[in-house]
Amino acid sequence: MPDGYNQLFGLERYRATESLFDVKMALSDASHPAPTPNQTLPQMIAQSLSQIDVDVRQHLLSNVVVVGGSSLIYGFNDRLKQELEAMYPGPRVRVFSPGIVVERKFSSWIGGSILASLGTFHQMWISKKEYDEHGPGIVEKRCK
């Protein structure tokens, strides 16, 4: 560190990443409880897939796109693919991510800015005044 402080990290550096896949490895304390088994990344993907038409699931599994800061973890895509293949042995599973680090890191923000600039999206905008008048329920009502 710039101030001369040195810290050796052991297993905890792996536990933070492993907790995305296995809740037993999550670092937790009184103010930060451990996640439930349904909050692992593979289980959240499975929950999302269970809510769509069966005919579409195979196409989505063959086109999983991974972006965001966690996608930069070494071996992340391989591990996610391995977990999904274990859950869905029949269909072909392919996991993609942009090759450029900056794109991977900021794709969510880039996609959000593109979406916000579309003319059709302007109908869904909610002003602060509307939110203050109607509360959080207006988001669900407006975005259906």
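Which side chain meets that of Glu83 in a salt bridge? The partner is Arg79, at 2.9 Å from N to O, where a salt bridge is a side-chain nitrogen of Lys or Arg within 4 Å of a carboxyl oxygen of Asp or Glu.

## Basis of the model

This is a predicted model, in which local features need pLDDT of at least 70 and side-chain atom pairs count only at pLDDT 80 or more, while totals for chains, interfaces and linings use all residues. Residues are numbered from 1 along each chain as its sequence is written, and side-chain values use heavy atoms, with hydrogens and water left out.

The structure holds five salt bridges, one of which joins the side chains of Arg79 and Glu18 at 2.8 Å, N to O. Because Arg79 lies in helix α4 (residues 76-87) and Glu18 in helix α1 (residues 12-18), this pair ties together parts that are 61 residues apart in sequence; helices here are DSSP runs of H or I with at least four residues, numbered from the N terminus.

Arg79 is partly exposed at 23% relative accessibility, and Glu18 is partly exposed at 22%, the term covering values between buried (under 20% relative accessible area) and exposed (over 50%), with a 1.4 Å probe and protein chains only.

## Pairs within helix α4

Glu83 and Arg79 both lie in helix α4, four residues apart, about one turn of the helix, and Glu83 is partly exposed with a relative accessible area of 21%.

Glu85 and Lys81 also meet in a salt bridge, at 3.9 Å from N to O, and both lie in helix α4, four residues apart. Salt bridges that share partners join Glu18, Arg79 and Glu83 into one network.

Key:
Helix = DSSP H or I, 4+ residues; strand = E, 2+ residues; numbered from the N terminus.
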